[in-house]
Amino acid sequence: MIRPSRRALLAFAALLAAITPVLGTASADAARPDYAQIEGSGSTWSQVIVDQWIADVSSSGMPVTYSGGGSSMGRKNFAQGVTDFGISEIPYPGTDEFGNPDTSNGREFAYLPIVAGGTAFTYQVKVGGKMIKNLRLSGETIAKIFTNKITNWNDPAITKDNNGRTLPSLEITPVVRSDGSGTTAQFTTWLDKEYASLWRPFFGRSGYTSYYPRKGRALAQSGSDQVMNTVAGFAGNGTIAYVEYSYPVNKNFPVVKVLNKGGYYVEPTQYNVAVALTQAKINKDKGSQMYLTQILDGVYRAKDPRAYPLSSYSYMILPTGGDDRRMTTAKRQTLMDFMYYGLCEGQTKAGPFGYSPLPLNLVKAGFEQLNLLAKADSGVDTKNRDVSRCNNPTFVAGDLNQNKLAKTAPMPAACDKVGAGPCGTETGTGKPSTDDDAAPGKDGTDTSAPGAPDAPGTDAGAPPEIDPETGQPVSAQTTATSAEVFANPTEVSADRAAERTVFGWLAVGELLALVLVPGLGAAWLRRRQLMKGRR
């Protein structure tokens with residue numbers, strides 16, 4: 001009889017001890033429900049980042065589809081049971097501007113903040129065939145443009161905003177949304193709150209609208225992508241439109257720097273949005289259907305020189321009913337894990353895609369909303385899905401109401417101040433401007449118009465060089481300390497329960513072979529040698 005050596009037996013015992021947890025995990029994972037196809041629709045304001053998240057999780061076996069079409073469509077599709085989730089910038093209003101019902105039609109839901117961002121004003125204005133890339137406008141000038149009070153780019157108000165730089169005589173063509181849009185609702189809410197004397201006569205009544213009135217030279221397009229394409233197109237010279245900042249950033253197209261209450265012209269970078277949204281009021285009544293929805297009056301009037309006035313959040317309409325006819329355990333699990341990724345690792349991609357990541361207090365509240373899926377269905381697995389595992393550039397240890405991104409946001413350049421500049425650096429890059437008035441655009445094009453007065457140069461009191469990715473002075477950058485809330489980045493696992501079980505057993509087989517085969521081989525060789533000796 002062949003007897004393995006004592007060393008081989010000890011190794012085998014150690015192997016069994018090591019693989020027992022693996023087998024237990026594989027057994028537990030086998031009980032986890034499979035993912036199932038989930039479908040959503042709504043906001044084009046959020047679509048760029050949502051599409052990216054969908055691409056990120058697809059390798060994990062999470063089948064998610066999303067179609068834009070506007071927040072109004074997203075709310076209606078959810079209410080009619082056409083989709084599993086919706087995305088909207090505004091909550092259900094009860095009735096729309098036409099007097100029609102705009103509710104969830106009795107379908108149970110919760111609002112889940114998913115990402116922050118700024119509503120930007122992208123434009124195309126050329127002088128001598130060269131694009132103007134550093135345009136500045138006050139809020140009042142923007143309001144007058146979109147209410148047909150200012151109709152030419154050489155208007156004195158535009159010249160004043162740009163510190164005496166006169167633009168060419170060129171008719172202005174506003175490009176607005178033709179569909180029911182959360183972007184339109186956000187823009188017109190700002191108009192109604194801040195410039196009611198201009199907006200209300202133009203609109204015909206007070207309040208916001210999801211359907212922008214098309215008057216005068218205005219063009220109307222469906223979806224932010226079509227609006228962006230119209231402005232950037234061959235015939236786009238003279239156009240200006242309101243879109244989510246991500247669209248011009250991803251198309252490398254300029255945006256307007258908007259004058260804030262701090263006296264500076266700023267664009268909606270992730271830093272300036274984060275600063276502005278520290279002034280947002282969030283409904284904290286957990287017993288209210290409006291829990292976590294936003295009030296932005298303080299954002300519009302924020303006096304911090306870095307704040308971008310048209311900053312806001314976007315929301316997922318999350319199905320929470322236990323008897324929801326569209327939802328199954330597998331669908332709820334897919335929705336749970338998809339948004340776990342979105343609220344955690346997905347937030348690290350917000351800045352590069354033209355958005356701003358959610359602060360810790362909203363991420364934590366978002367997990368509370370996601371847990372309603374498990375409350376509706378005990379089969380939904382919530383283990384190891386919590387805020388402590390999130391990797392988020394806004395988190396500040398020990399203070400849920402602080403926002404690291406806002407705290408480290410660079411001050412605007414001196415040339416962005418009223419009465420100075422304009423700065424020579426181009427917009428729509430996602431990066432802060434500088435005091436270098438001679439800086440060309442990334443393509444080498446001079447971004448100042450011919451005949452424009454020179455902007456003041458850099459002086460000794462100028463801000464230090466800023467790393468646009470961190471918002472920190474280059475000379476002062478340090479590595480993160482253990483006191484900061486930077487847990488391991490959330491990883492999207494690409495395996496499934498059945499696959500883990502199969503590969504777990506294959507791994508066990510390989511380990512057994514590695515341990516036992518050498519011992520058995522040695523025993524066989526010893527026996528062969530003994531037999532030869534006896535001969």
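I started with helix 2 (residues 47–58), which lies across strand 2, strand 3 (85–88) and strand 6 and runs at about 165° to strand 2. Helices here are DSSP runs of H or I with at least four residues, strands are runs of E with at least two, and both are numbered from the N terminus. Contact means heavy atoms within 4.5 Å, and angles run from 0 to 180 degrees between N-to-C directions of axes fitted to C-alpha atoms, for helices over the stretch in contact.

A note on the source: this is a predicted model, where local features need pLDDT of at least 70 and side-chain atom pairs pLDDT 80 or more, while totals for chains, interfaces and linings use all residues. Residues are numbered from 1 along each chain as its sequence is written, and side-chain values use heavy atoms, without hydrogens and water.

Next I looked up the sheet: 8 strands form an open, mixed sheet in the order 2-1-3-17-6-12-10-11. Two strands pair if DSSP finds at least two bridges between them. Strand 2 (64–68) and strand 11 (219–221) are the edges, each pairing on one side only. On average, neighbouring strands are turned by 25° against each other, direction ignored.

Then I followed strand 6 (residues 109–123), which is antiparallel to strand 12 (residues 239–244) and joined to that strand by 5 bridges. I found Ala120 opposite Val243 in strand 12.

Helix 6 also lies across this sheet region, over strand 6, strand 10 (173–177), strand 12 and strand 17 (311–319), at about 105° to strand 12.

Last, I checked helix 6 (residues 182–194) against helix 7 (residues 196–203): their axes come within 6 Å and cross at roughly 120°.
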